[in-house]
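Hi,

Here is the structure I said I would pass on.

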Amino acid sequence: MQLGVCYYPEHWPRAQWAEDARRMHAMGIRVVRIAEFAWSVIEAEPGVFTWDWLDEAVETLHAAGLGVVMCTPTATPPKWLVDRMPDMVAIDLQGRPRGFGSRRHYCFSHAGYRAESRRISRAVAERYGQHPAVVAWQTDNEYGCHDTVLSLSESARQGFRRWLAARYTTIDALNTAWGTVFWSQVYRSFDEIDLPALTVTEAHPAHRLDWRRFSSDEVVAFNREQVAILRELSPGRPVSHNFMGFFTEFNHHDVAADLDIATWDTYPLGVTQMLFLSAEEKARWARTGHPDIPSFHHDLYRGMCRDGRWWVMEQQPGPVNWAHWNPAPEDGMVRLWSWQAFAHGAEVVSYFRWRQAPFAQEQMHTGLLRPDASEDQGAIEAAQVGAELAALTLDEAGPVRLAVQAPVAMVFDYAAIWMLQIQPQGADFNPLELQFRAYEGLRRLGLDVDLVPADADLSGYRLIVLAAQPQIGATLQASLEAAAARGAQIVLGPRAGSKSEHLSFPAGDSPTGHGLPPGSLAALAGMQVQRVASLPPGCAEPVVVGGQSVQITRWREDLALAEGTEVLAAFADGHAALTRRGPVRCVAGWLDTDGWQAVFTGAAADAGLAAQALPEGLRLSRAGDLLLAFNFSDRCLDAPALPTAAPLLGQRPLPPRGLAIWRT
């Protein structure tokens, strides 16, 4: 467990670099990320490289005992390159070029830019691939940020046609799979297929889904090209990419398959203000961030790479500049967020950034230091974490990562998210929120969770949750059947098994060849969905789950039950709202967090898991024989589940925004 920081030596006088490096090391920082936005400084003129400044920066950091994460600078191609290839920029969904003047101004499908990205990546890797200071690499920066995955460029259109031809082989196969007979959309050749945007009304859903798949594959291919160069020229050094929060425009599992370390950029306060939380939640968590937003992503990215290796590459140290509102963290939160990441298995927590920029777009985004180099609150708390890491001995054999396999698996499938985004059937049916509310319900019970892909090995889990999984592939089907056979508890959310891979109704034995949801899960679930309805705001259906009154809003399903299927909760009209057949529970509507918590209370008990409702703001994490507790509230908290032994770190009861670690 180490601390890191993001540093931009090109922003500061060279005379300042050595003192910056000295102060970083004294603060407990050991890893420094550099150069992700430095292309125009490295290559100010085409083919003319200026390395002396970057050489000096690397040597200065190395001399201070700091390891360097070197980046490929492809997120910000220079103006001369855009002028030379003006068609390299992406085209947005309104048909407008995404021009120069900020960042991410390129289209993943443009062959010319792909060649240039390989060229600059090779140049950087040849220069620093064997340098002893370089401990890891980062490709590009935040793929897809600012809605840059989907592009209406000519390069994307031609690439999409080639991708479809490879996927379907014949145009007749595509027409059949998509159902293009609807609205007279039958194609004669792949060359007739355009991108599904700027249509009169909704474009064909299967067309849109395959475009999402293609666009995701373009990100994968772009990243893979850089990774291959880094592995060739810098063997033995891990390669990473920094993903983002609640971002699903490409399949992160596919990108991470080529990486050694998944990293992500965590901004709890900014995300709390920007996303789907209610106004009351945004106010309540304004200065702490919602407790489960960081951990949701920690658990997601822990499952991306081999051996569960993951980092926080950018940790919010103070107010940011990009949210609708940008409050300052409560004192203690930077420390708490850092330890929360370590509790979920992070190897490195790296703060963004070392010093606040005095100019340009991010000058209102704080760093550990203020622009005058004085320490901000984030620096004080980062130094405290550094001192705690140095003093805390968890394993005499050396550094350890805390995370182990959790007892609960939640399936997180990017294609499933796309399906529900393409056909939400209700303006407020947000599959990401559905996933998050279920996760929040689990964490409120003190349960540790692994977020896993649809093809993951589920054999070690005692409780498996499919909160938003409309398509059930053969691998997932087999895993669920095996899990049910060994008695693992399974919870299916609304719309489970409702779609095929082409976003049509699932296959069935009927004369039409189609069946009803949950498709292949019908026998396991002991029910079929006869009718669905999206509920407008203000419409709520009260149900009682485990003695607790909760509400179903936004979505409900009417079920036909097989013999032997139990009704655990019912709507007022008598239709089942929650069923159980053996170890499988089915939720027939949209639950809020309280509702999910009530469902999981019963499922966890049946799974033999120790689940207990935690006080508001308290979160627990378990790693081997360690128990970590985090207090996001503004009052002292304790819980009966906490041990009586003296903590290795912290104290009980936990003070506001405090944390503690026990060996149980």
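Before the first item, a word on terms: an axis here is a line fitted to C-alpha atoms, for helices over the stretch in contact, and angles run from 0 to 180 degrees between N-to-C directions. Please also keep in mind that this is a predicted model.

Let's start with a helix pair. Two packed helices are described by the angle between their axes and the distance between the axes. For helix H15 (residues 414-422) and helix H16 (residues 431-444), the axes come within 9 Å and cross at roughly 125°. The two helices, H15 and H16, are therefore oblique to each other. On the H15 side the contact is made by Ile 417, Leu 420 and Gln 421, and on the H16 side by Pro 431, Leu 432 and Gln 435. Sorted by class, that contact of H15 with H16 has four nonpolar residues, two polar ones and no charged ones.

Next, the sheet. Three strands form an open sheet in the order E20-E21-E22, with antiparallel pairing. Strand E20 (618-623) and E22 are the edge strands, and each pairs on one side only. From one strand to the next, the twist averages 15°. E21 and E22 run antiparallel and are joined by five bridges. If you want a spot to look at, Leu 628 has Ile 661 in E22 as its bridge partner. Helix H13 (residues 333-343) packs on this sheet and touches E20, E21 and E22, with a direction that makes about 150° with that of E21.

Now for helix H12 (residues 292-302): 11 of its 11 residues are buried, so H12 is largely enclosed by the rest of the structure. Among those buried residues are Asp 292, His 297, His 298, Asp 299 and Arg 302, as well as Phe 296 and Tyr 301.

The loop between H12 and strand E7 (310-315) holds Asp 307. Phi of Asp 307 is near 65°, a positive value in a residue other than glycine. At 67% relative accessibility, Asp 307 counts as exposed. Leu 198 also has a positive phi, of about 60°, although it is not a glycine. You'll find Leu 198 in the loop between helix H7 (171-178) and helix H8 (205-233). Leu 198 is exposed, with a relative accessible area of 61%.

There are cis peptide bonds to check as well. One joins Pro 517 and Pro 518, with omega about 5°, and Pro 518 lies in the loop between strand E12 (489-492) and helix H18 (522-525). Another joins Arg 652 and Pro 653, with omega about -10°.

Cys 145 is in no disulfide either, as its nearest cysteine sulfur, that of Cys 6, is 14 Å away. Cys 71 is buried, with a relative accessible area of 1%, and Cys 145 is buried too, at 9%.

Cheers

Terms used
Residues are numbered from 1 along each chain as its sequence is written. This is a predicted model: local features need pLDDT of at least 70, side-chain atom pairs count only at pLDDT 80 or more; totals for chains, interfaces and linings use all residues. Side-chain values use heavy atoms; hydrogens and water are left out. Buried means under 20% relative accessible area, exposed over 50%, partly exposed in between (1.4 Å probe, protein chains only). A disulfide is a pair of cysteine sulfur atoms within 2.5 Å. Helices (H or I, at least four residues) and strands (E, at least two) are DSSP runs, numbered from the N terminus. Angles under 35 degrees count as roughly parallel, over 145 as roughly antiparallel, 65 to 115 as roughly perpendicular and the rest as oblique. Contact means heavy atoms within 4.5 Å. Ala, Val, Leu, Ile, Met, Phe, Trp, Tyr, Cys and Pro count as nonpolar, Asp, Glu, Lys and Arg as charged, and the others, Gly among them, as polar. Two strands pair if DSSP finds at least two bridges between them.
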